[in-house]
Amino acid sequence: MSYRDDRYDRRSSRDYDDRRGGSGGLGRNLKTIRWDKEDLTKFEKDFYQVHPSVAELTREDVDSIRRKHNIEIVAGNNVPNPVRSFEEASYPDYILDELKYARFTDPTAIQIQGWPIALSGRDMVGIAETGSGKTLGFMLPSIVHINAQPYLQKGDGPIVLILAPTRELAVQIKTDYDRFGKSSKIKNTCVYGGIPKHEQAQDLKDGVEVVIATPGRLIDFLESGGTNLKRVTYLVMDEADRMLDMGFEPQVRKICSQIRPDRQTLMWSATWPKEVSELASDLCREAPVHITVGGTELKACHNIKQYVEVCPDYDKKDRFQKLMQKIMDGSKILIFVETKRGADSLTRDMRTSGWPALSIHGDKEQSERDWVLKEFREGRNPILIATDVAARGLDVKDIKYVLNYDMPNQIEDYVHRIGRTGRAGASGSAYSFFDPKKAKTGPELVKILEEAHQGVPDELRKLAMEAAKYAEIKRERYGSRR
């Protein structure tokens, strides 16, 4: 087991079946498929009909739209023009009706440019901050894609496969497919570990057009013959950076080896590390169109008001109590802690003090996690305490406050955590207790705050300067040696 896998296994041992892999372990019994010998179902993937008003856009118009929404075409030739409305995306009436019923008024930036690319059947990489509308960015084109394909036959696997890093994210994506795929009678199932396989296995046996899956459980079904991926012509990797950070790359590669190579592949991510770039290069048959919204530099959503307080561990409980008394107004509050033990301890303390708090982490049974999230979403228990298991997979649109009781060790995790509020154009607030022991993240945190035009406490700035100076001394003394 690699260091990366071991790090996450210690945090969430129940998810281990979703991460073991490599040359042995999960997936070792998957056979190599000779695609040139397979009788594959013919399929179409270009369904984009350019709206007349989009076709009439001049180069200056296109550049203006992209600048307005901070859209950059990083790579790709003959990229379609952006659209400015749902109607200009040329979606069929059944999708436009669903969007109207959902009370969506305008497409988000990632959808403005991503939809024309996805509907054209192109491979693509879409980089945008959390809460930016990526799910609809790949889901609506997939519904159009499914409706244009031959019906499933007995024994067929899915037409669309969505790979997600966490059970929570997979379940959230399924909720959206239930909502928007209903009018087309599109069947879907969610495949993830932590619960018995029977119901998932029955769904796969009956036949579903869409499978939303975490890698480990999906490989279990592939190895056992519970499904196959020979009908998959539309592949999505959601939160690809998180997938690789959790050690899923060997499993992702094994799964993709079971999918026909002429598929359409779409990768969606909030950041663009080197590992994701290399994976995209390997998995896409053609050079993908690569778009970013907001640039590639890591930054927080500007709709979030960030408050950071330098606070040593021994003083944290008292300051936390005072903060809760100040902000608690019945709104949803998401509190992040570093460890499972810390989550249980803080939940116990809060409930003893009369606060309606519940917790979620990797050692919770899936049934309990589902119940806790339902209680939180519906507001019966408006305080949720979580480890990073919920940092990205949780999509609750009305979280008003995010609290970092324990600051994460990586600045990327900080950005993803606070991104649980301020979603889909809403505003929110994030409060963080910064322990001086984590001063090494100070320079990056200051940069994040300054980019979002947030206040930087003097004490934090001082710690950050000291940490940056210390890091420079280490580089000069040791160079590139570890």
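**Ground rules.** I number residues from 1 along each chain as its sequence is written, and my side-chain values use heavy atoms, with hydrogens and water left out. The model is predicted, so I take local features only at pLDDT of at least 70 and side-chain atom pairs only at pLDDT 80 or more, while totals for chains, interfaces and linings use all residues.

**Ring pairs.** I looked up the aromatic pairs and got 8. To pair, rings of Phe, Tyr or Trp (its six-membered ring) need centres within 6.5 Å; planes under 30 degrees apart are stacked, over 60 edge-to-face, and the rest tilted.

**Phe 86 and Trp 115.** This pair is tilted, at 5.9 Å centre to centre with 50° between the planes. Phe 86 lies in the loop between strand S1 (71-75) and helix H4 (93-101), and Trp 115 is in helix H5 (residues 109-119), so the pair ties together parts 29 residues apart in sequence. Helices are DSSP runs (H or I) of at least four residues and strands (E) of at least two, numbered from the N terminus. I checked burial too: both Phe 86 and Trp 115 are buried (under 20% relative accessible area, with a 1.4 Å probe and protein chains only).

**Phe 138 and Trp 268.** I found the ring centres 6.1 Å apart and the planes at 50°, so this pair is tilted. Phe 138 is in helix H6 (residues 134-147) and Trp 268 in strand S7 (residues 264-269), 130 residues apart. Phe 138 is buried at 0% relative accessibility, and Trp 268 is buried with a relative accessible area of 0%.

Conventions: Buried means under 20% relative accessible area, exposed over 50%, partly exposed in between (1.4 Å probe, protein chains only).
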